Amino acid sequence: MYLGRIVESGPTAELWRRPAHPYTQALLAAAPVADPRHPRAEALLQGELPSPLSPPAGCAFHTRCPHAQPLCQQQRPALNPHLSERQVACHYPLS
């Protein structure tokens, strides 16, 4: 969920293996790594978290999304079927 909206759903193993929403990808990259020799992923998010009382127009995540396009600022994406058992609310899913 991002600002109170579901951005991706599906089987846990699939979400961990191939996140389709950029926010899911960022959340997984932020998870602690048990092996200190294993390199951590770089932080994927930049900018300020928008106000949940006044979210931006379009996709609420577009202000922090590294893949945002003009459509993301104009139209909120619906939670649509993606791959076999998944749903994603993104105009440009990652996988």
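Modeller: Gladly! Helices (H or I, at least four residues) and strands (E, at least two) are DSSP runs, numbered from the N terminus. Strand β1 covers residues 8-9 and includes E8, our residue for today. This is a predicted model, where local features need pLDDT of at least 70 and side-chain atom pairs count only at pLDDT 80 or more, while totals for chains, interfaces and linings use all residues. Residues are numbered from 1 along each chain as its sequence is written, and side-chain values use heavy atoms, with hydrogens and water left out.

E8 has a relative accessible area of 11%, so it counts as buried (under 20% relative accessible area; exposed is over 50%, partly exposed in between, with a 1.4 Å probe and protein chains only). What surrounds E8? Beyond its neighbours within four places in sequence, E8 is in contact (heavy atoms within 4.5 Å) with L15, R18, P19, A20, H21, T24, L79, R86, Q87 and V88.

The E8 side chain makes a polar contact with the side chain of T24, at 2.8 Å. Such a contact is a pair of N or O atoms within 3.5 Å; within protein, one must be able to donate a hydrogen and the other to accept it, and residues adjacent in sequence count only if both atoms are side-chain atoms. The side chain of E8 also reaches the backbone nitrogen of A20, at 3.0 Å.

Finally, take Y23, 15 residues from E8 along the chain: the C-alpha atoms of the two are separated by 8.8 Å.
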